[in-house]
Amino acid sequence: MSTRPAASLAPMDTGASDHRGDGPWPHALLAWPTLALTLLFVVPLGIIAALGFFRRIQAGFFEVAFVTDNYARALDAFHLERLAVSVVLALVATLATLVVAVPFTFLLTRRPRARQVPYLVLVLASLSLSEVIVAFAWSLLLSRTSGISNLLVSLGLMDAAASWSPGLWAVLLAYVFIALPLAILSLYPTFSRLDQELPEAAGTMGAAPLVGFVTVVLPLVQRAVAATGALVFIFVLGAYVIPQTLGRPAQWTIPVHITDQAIMKNHLPLAASLAIVLLVASSLIALAIVAIGSGRLPRIALPGRAR
Amino acid sequence: MALADVDLRIPGGSLVCFVGPSGCGKTTLLRIIAGLETPTSGHLLLGERDLTRVPVHRRDVGMVFQSYALFPHLSVAENVAYGLRIRGVAKRERLARAFELLALVQLPDVATKRVSQLSGGMRQRVAMARALALDPALFLLDEPLSALDAKLREGMQVELRRLQRRVGITTIIVTHDQEEAMAMADLVVVMGDNRVQQVGPPLDIYRRPVNRFVANFVGRNNFLPARVVAPGTVEVAGVRAEVVEGADLPSVGSELTVAARPEALNVYPTAPAGPALRGTVTMVRDLGWTVETRVRVGDQELVVSGANVAVADGDEVWVALPTSGLVALNA
């Protein structure tokens, strides 16, 4: 089994070199996705970036111009504080998601394949719920009038029904809820390829299950965990219905303010500049998460352990 | 997979082989001993200590896995020292012990290498060194040599046996290769159909298999239908012969199967003295170290292995039954 990764890598290597110098045909094949990516991603992004420099017309729309007011406002104290709140919320939600998803996926992949299928179907099914449905469902479930607390009261576990939404915990809960299936599916391939005998070997050498998990399993999956963390972070950071519906103004993230500017206040240039700031910030942080996961940063951060 | 009726006593310091075809339950039994699987009933004792419910990490066993299960994120020395690290042994001390063990398995120069830089045979030795690092009470190996090529495998059989003698550790090896079991073990446990078929020293198993399964699995055998005609004597295809080995003979008049090893039979161009069966040669293969002759006797083909007596396909010959070496089988 230890030779399996090498065996599966070899065809991939030759596969990559096969495509090199194959003439115009692969290039023609690449042209289509390149065109699609340009039309559907690069062009709209360019429009948004440019829109940030346009001038807003009061009680109207905007006119083409080159002003820096919008970017200046997107970077003012208020919006930077909102950006910080957004990033911290997303980081906490990412961490909470990983804390649930990593052990879950590990234990799931240790089961016989046939037993894994119902769980995977369930996970896939919950992916089909949109953020809007999740946000409103949780706002109902966390409400005082018809929420879970009523169930707990009838079971005698609580004295009186309580309202758990809006608030910080409601936002985090919903974030984890929407990110969890994504995280599990992203971790699944790596964990299912992990040789089952590795943690068992750790056990025969005196490592209790948790110790074996930390010293053997985690180092082997850390890249996948980091990549999943980056994915979840970006996904959660982009959510706007959840913080708006389940959060107080204190939890309103940048996407909530972008929506507010674009739809309520009709200030498209400010919304566009906020979006660009958010994009740059989230990309930098996601790259940092991946770098930490592949072990490039800790050596700098912890000089005592470097060798 | 279910295991049934396993009652084994393994003497301390010995090397025991569990041997059987794939799916016979031998690996399951090893994993139960290691604590990687829990039996639904029964007990497992190590000396006086009941291990049945003790989790794997408190069992004091060293195990070599079929895949070797070396940790790819650690160097060779760190792999060997892993158990000591878990016990909190200081780094300098545990690495010194790792070097000692790597020298024991004759791999002194690979300590700082990555596992992926090693050949299969080297990985095998590292896995053994790692399993021995904590001085376990039991040394368990699951198909340790099956991934090696034939030549390397033979060398490792000898080396593994030497290592086991030097360390003096009670060792259990699971293998599907009966020759490997015969070549290494003090005690062979033949398994089939999820139960233990026979336990004994290799030669006993070879000479006195108790049933058809063991006789067929260990080495090659010819099976002959026979009938008991007198105490200690059977009749095979109208020829009377003595049975000296194997299971107790049933009462006079009952039918049974007797087994004869190819090397216990002899081919003669003319009728020999003593019991012999008449037949026709169907194939002669000269294998260098022996000549294998196939002889059709009635509706059965016997395999005879021995010195060449110059017979060829189609010859009418006699196959002499052995005076000793005809084995009575249960079932």
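Close-up 1. The buried residues of H9(A) are A:Glu197, A:Leu198, A:Pro199, A:Ala201, A:Ala202, A:Gly203 and A:Thr204, where a residue is buried if 20 or more other C-beta atoms lie within 10 Å of its own, exposed if 12 or fewer, and partly exposed in between, with C-beta atoms placed from the backbone. H9(A) is thus mostly covered, seven of its eight residues being buried. The model is a predicted one, in which local features need pLDDT of at least 70 and side-chain atom pairs count only at pLDDT 80 or more, while totals for chains, interfaces and linings use all residues. Residues are numbered from 1 along each chain as its sequence is written, and chains are lettered from A and ligands numbered from 1 in the order in which they are written. Helices (H or I, at least four residues) and strands (E, at least two) are DSSP runs, numbered from the N terminus. The buried residues of H9(A) pack against H10 of chain A, and also against helix H1 (26-34) and strand S4 (61-64) of chain B. Just after H9(A), A:Gly206 takes a positive phi of about 95°.

**Close-up 2. The contact between chains A and B.** Chain A brings 17 residues to the contact and chain B brings 21 residues, two residues being in contact if their C-beta atoms, placed from the backbone, lie within 7 Å. On the side of chain A that touches chain B, helix H9 (197-204) and helix H10 (209-237) each supply at least two residues, and H9(A) gives the most, with six residues. By class, this side of chain A has ten nonpolar, four polar and three charged residues; Ala, Val, Leu, Ile, Met, Phe, Trp, Tyr, Cys and Pro count as nonpolar, Asp, Glu, Lys and Arg as charged, and the others, Gly among them, as polar.

**Close-up 3. Helices H4 and H10 of chain A.** Helix H4 (residues 77-109) of chain A packs with H10(A) at an angle of about 135°, their axes lying 9 Å apart; axes are lines fitted to C-alpha atoms, for helices over the stretch in contact, and angles run from 0 to 180 degrees between N-to-C directions. That angle makes H4(A) oblique to H10(A), since angles under 35 degrees count as roughly parallel, over 145 as roughly antiparallel, 65 to 115 as roughly perpendicular and the rest as oblique. Residues making the contact include A:Ala90, A:Thr94 and A:Phe106 of H4(A), and A:Val225, A:Gly229 and A:Phe233 of H10(A). By class, the contact of H4(A) with H10(A) has twelve nonpolar, five polar and no charged residues.

**Close-up 4. An open sheet of chain B.** Six strands of chain B form an open sheet in the order S4-S5-S6-S1-S7-S8, with mixed pairing, two strands being paired if DSSP finds at least two bridges between them. S4 and strand S8 (195-200) stand at the edges, each with a single partner strand, so one side of each is left without a neighbour in the sheet. S4(B) and strand S5 (residues 138-142) pair in the parallel sense over four bridges, and B:Leu138 in S5(B) is the bridge partner of B:Val61. In the loop between strand S3 (49-50) and S4 of chain B lies B:Asp60, whose phi is near 65°, a positive value in a residue other than glycine. B:Asp60 counts as partly exposed, with 17 C-beta neighbours inside 10 Å.
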